[in-house]
Amino acid sequence: MTRRRYQRPATQVQSRQADVIVIVLTLIMAGIPFLLGKYFELNSPDPFDSAIYAYSAKHILEGARIGVDEIPSAQIGTLLVNILGVWLFGFSETGPKLIQGLLQLVAFVMMFVAVRRHFGRAAASVAVIVASLCLSSPMVAKYGNVKEQHMIAFMVIGVSSLLLYYASERWWQAFLAGATLSWAPLFKQTGVSALVAAGLFVIWQPVVGRRSIKQAVVDVCLLLAGAVAAIGPLFVWILGWDVKLPLPYDWVGFAFSKFLASGSTADPNAISADYVTSARKLVTIGQQAAMVFRYYMVLILPVAMGATSIVIRLTRLVAKRFGRASEMWPWERFVLLLGIWWLLDM
């Protein structure tokens with residue numbers, strides 16, 4: 001008796017072929033700006049932050065005591081990435097820039113997989129191409145080894161992991177989301193935007209009947225477990241070895257104290273001035289707004305894509321309220337997560 005070979009359905013074969021074509025096109029169209037950006041970054045020494053970060057890392061690796069012999073300008077996340085980069089590749093900016101590039105690659109892959117799972121292959125391809133183009137542009141990437149770029153990579157990996165968790169219910173994806181999202185603010189405070197968006201989204205799901213209360217509690221516990229596992233060692237390092245660095249998220253308490261002081265009769269100058277407060281003494285709100293909106297116009301494509309998605313979602317919700325909209329698509333609920341993140345980050 002001859003064994004008959006299994007024949008895949010024609011639609012399945014066509015789908016796999018379409019996937020291969022989309023992946024190849026995405027690799028080409030996203031890879032070109034990414035590689036060009038990395039070429040310029042690796043061949044352009046940074047006269048500003050990156051060079052200072054690398055020097056601090058070298059000094060610390062040579063035995064300088066943090067906060068005593070060396071007072072780094074980098075936050076703890078950026079400092080540790082630079083220490084690792086200099087330790088692996090020697091005293092230069094190359095190591096940290098290579099690590100940044102690797103983090104971005106992981107973020108792009110995670111983004112593609114997560115967006116494809118919920119929104120389709122076309123959306124995934126467009127998202128990765130636009131992200132690569134914008135994040136690789138010299139205006140955003142600068143000279144490489146930029147705190148914002150490290151932060152963005154961790155935020156994208158975290159949000160993508162959360163999206164994948166809701167698609168597969170694999171616990172380690174929620175754990176990974178909590179771990180990576182908890183690290184984003186360690187590079188720059190605005191990284192908390194993705195963390196807050198994820199937290200609000202998870203809590204909101206049982207309210208709208210998407211998850212049971214038990215499931216939501218499990219989700220929150222997995223996110224918290226990932227966060228504790230990721231930043232817990234930093235607390236042990238700082239407290240156990242008396243490292244002269246602010247504790248992770250210490251700025252949350254500082255910001256809260258600033259908020260309380262602003263609503264009381266207490267002298268706000270009694271609290272140590274932070275970056276934003278000192279900047280406002282030099283630049284007015286009007287001047288800041290002009291600079292910010294100039295960047296928004298340069299990045300009009302991703303800004304418009306985010307704004308359009310939010311407007312469409314709100315329009316359909318209003319239409320449904322009055323019985324004029326079709327059934328909601330399953331993936332529409334994630335516009336809330338991505339929209340809150342977008343608004344807070346903007």
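Arg 211 counts as buried because its relative accessibility is 9%, where buried means under 20% relative accessible area, exposed over 50% and partly exposed in between, with a 1.4 Å probe and protein chains only. Asp 219 is likewise buried, at a relative accessible area of 1%. The side chains of Arg 211 and Asp 219 meet in a salt bridge, 3.0 Å from N to O; the term denotes a side-chain nitrogen of Lys or Arg within 4 Å of a carboxyl oxygen of Asp or Glu.

A word on the basis of these values. This is a predicted model, in which local features need pLDDT of at least 70 and side-chain atom pairs count only at pLDDT 80 or more, while totals for chains, interfaces and linings use all residues. Residues are numbered from 1 along each chain as its sequence is written, and side-chain values use heavy atoms, leaving out hydrogens and water.

I turn to Glu 332 and Arg 316, whose closest N and O atoms are 2.8 Å apart in a salt bridge. Glu 332 lies in the loop between α14 (300-321) and α15 (334-345) and Arg 316 in helix α14, so the pair ties together parts 16 residues apart in sequence. Helices here are DSSP runs (H or I, at least four residues), numbered from the N terminus. Both Glu 332 and Arg 316 are buried.

How far apart are the closest N and O atoms of Lys 38 and Glu 41? They are 3.1 Å apart, in a salt bridge. Lys 38 and Glu 41 are separated by about one helical turn because they are three residues apart in helix α1 (residues 10-42).

Finally, a network of salt bridges links Asp 49, Lys 147, Glu 148 and Lys 188. Over the whole structure, the search finds 14 salt bridges.

Terms used:
Helices (H or I, at least four residues) and strands (E, at least two) are DSSP runs, numbered from the N terminus.
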